[in-house]
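Me: I am meeting this structure for the first time and would like to learn how to read it feature by feature. Please begin with whatever I need in order to follow the names of its parts.

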Amino acid sequence: MPPLCVDLDGTLVKSDTLVDSLLVLARHRPLDMLRIPFWLAHGKAAFKVSVAKRVELDVAHLPMNRALIEYLRHERATGRKLHLATGANIDLARRVAAHLGIFDDVLASDGATNLTGHNKLRACSQCFEGVFDYVGNAAADFPLLRAAKTPMVANPSRSLQAKLSAASIRPAQSFIDRRPFALAFLNAIRVHQWAKNALIFLPLMLAHIIHSRRLWFFAALAFAAFSLAASSAYIVNDLLDLEADRRHPRKSRRPFAAADLSPATGLIIVAAFLSLAGLVATRLPPAFAMWLCVYYATTLIYSLALKRVVLIDVLVLSGLYTLRILAGAAATQVPISPWLAAFSIFFFLSLAMAKRFAELTNLRAQDKTPANGRGYILADIEQIRSFGTAAAYGAVIIFILYINSPNVTALYRHPQRIWIMAPLMIWWTSRVWLLASRGELNEDPLVFALTDRVSLGIGILVFLVALFAI
């Protein structure tokens, strides 16, 4: 039985380990990214060595092709010799091989030779006297698949499929382990998170401006621009948090962490969505574009640094919610009251605290310690609960004071009926924190609010009370 040579990047591992390493480098040593042109000047093999010296990729959590791994273990059990043949740096390749424990030898790039394409074919031909089987995924693997006794592919690229078809080469086996593009795309842009941007409509709703189609159209444009910008920011965050997400039980299923989408695809989506958001913003007042830029810049700074600063992270998160309301006011040129601004600060601070509280509570239930670099420890749980519940009831108090203000009497014919909303708000906020304390709250309070029947019922009741008071 001929030895089986297996490619690493895109084949055994669904991602490209060099790109993964560069993303980790950008996260932890961003200034080193400026040295990349100088490293490339010495050749790609030397470039890979330079990156490997500065980044030790977590091989234990790389997204493996499960179908291929199962096949390789079966072949290993039959006594077949398996060889990892890759263009990745040899130190990284050896660590992957050691982690899996199924390979007899490793052929990889060193500081002098970039072991891809014909270089890899030459090495395999010399080592195995021209007789070997091969598993690859990219166009660079075509020379090896053409020379192999039994060619096999794993998540093959379109360019490789075209080359194989043109050469009338039919792979003996194909190991597919990747979600459909459409599903991965929708997951990556997080359409469900667009619900947060509905806050843009709040100034219009609270001002009781219902019949102005022009203003509602402007609000809809603002919603679209914010949603596109938010999705692009989520993708940037996912790319920078790639390695951390792979260690997380839930986030490891995200499209980029699971390598269902490539970083290159992610950057294309980011560029396209940002361009569309900017185009939409040109149809709105300049003040809206300013708030959109502030939102995006704050989101990027949050992803790069502020998310790891204790308490600052929740203040920024709550501020981003309030910023959406300000952007909605700018888009429709409907001023917001100081009452709404004050209420939103406390209310959304409570939700941000609930998110952190739920994360820590779930970790404690699993007997784990925080490892996401956010700076919180399990001992902070009770203090975060205090901060969050205080902010929640602070929001309720502000709302009660608002009921007695001239703003309410000017907008509602029966302002006393608004008081019915107060116990509903107390009920909902208290329930959120009670469930969080029991470990029954989803880590994202927004997802909880959109999927929880009681929360939806309370929302309907609040809407009906508002109609009843007009």
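This is a predicted model: local features need pLDDT of at least 70, side-chain atom pairs count only at pLDDT 80 or more; totals for chains, interfaces and linings use all residues.

Reply: Helices and strands here are DSSP runs, a helix having at least four residues and a strand at least two, and they are numbered from the N terminus.

Me: How many helices and strands does the protein chain have?

Reply: The protein chain has 21 helices and six strands, and its C-alpha atoms fill a box of roughly 90 × 50 × 40 Å when this is taken along the principal axes. Of the 470 residues in the chain, 51% are buried. Among contacts with a separation of 6 or more, 66% are between residues 24 or more positions apart.

Me: What is the phi of Gln333, and is Gln333 buried or exposed?

Reply: Gln333 has a positive phi near 55°, in a residue other than glycine, and it is exposed because its relative accessible area is 61%, where exposed means over 50%. Glu129 lies in the loop between helix 6 (117–128) and strand 4 (133–136), and its relative accessibility of 74% makes it count as exposed.

Me: Now for pairs of helices: at what angle do the axes of helix 11 and helix 15 cross?

Reply: The axes of helix 11 (residues 213–240) and helix 15 (residues 312–332) cross at roughly 140° and come within 9 Å. Helix 11 is therefore oblique to helix 15, given that an angle must be over 145 degrees to count as roughly antiparallel. The crossing of these two helices is right-handed. On the side of helix 11 the contact is made by Leu215, Phe218, Ala219, Ala222, Phe226 and Tyr234, and on the side of helix 15 by Leu323, Arg324, Ala327, Ala331 and Thr332. Sorted by class, this contact has nine nonpolar residues, one polar and one charged.

Me: Which residues does Ser231 touch, leaving out those up to four places away in sequence?

Reply: Ser231, which is found in helix 11, touches Ile189, Trp194 and Phe273 when those sequence neighbours are not counted. It counts as buried because its relative accessibility is 0%.

Me: How far apart are the end C-alpha atoms of helix 19, and what span should I expect?

Reply: The 17 residues of helix 19 (residues 421–437) should span 24 Å at 1.5 Å a residue, and the end C-alpha atoms are 24 Å apart, so the two agree. After helix 19 comes Gly439, with a positive phi near 80°.

Me: Which residues of helix 19 are buried, and what covers them?

Reply: An α-helix has 3.6 residues a turn, so residues three or four places apart point the same way. In helix 19 the buried residues are Met421, Ala422, Leu424, Met425, Trp428, Thr429, Arg431, Val432, Trp433, Leu435 and Ala436. Their cover includes helix 16 (338–365), helix 17 (381–403), helix 20 (445–451) and helix 21 (453–469). Ser430 is also found in helix 19, but it counts as partly exposed because its relative accessibility is 25%. Between the C-alpha atoms of Ser430 and Arg413, which are 17 residues apart along the chain, the separation is 30 Å.

Terms used. Residues are numbered from 1 along each chain as its sequence is written. Side-chain values use heavy atoms; hydrogens and water are left out. Axes are lines fitted to C-alpha atoms, for helices over the stretch in contact, and angles run from 0 to 180 degrees between N-to-C directions. Angles under 35 degrees count as roughly parallel, over 145 as roughly antiparallel, 65 to 115 as roughly perpendicular and the rest as oblique. A crossing is left-handed if the near helix is turned anticlockwise from the far one by less than a right angle, and right-handed if clockwise. Contact means heavy atoms within 4.5 Å. Ala, Val, Leu, Ile, Met, Phe, Trp, Tyr, Cys and Pro count as nonpolar, Asp, Glu, Lys and Arg as charged, and the others, Gly among them, as polar. The expected span of a helix is 1.5 Å times one less than its number of residues. Buried means under 20% relative accessible area, exposed over 50%, partly exposed in between (1.4 Å probe, protein chains only).
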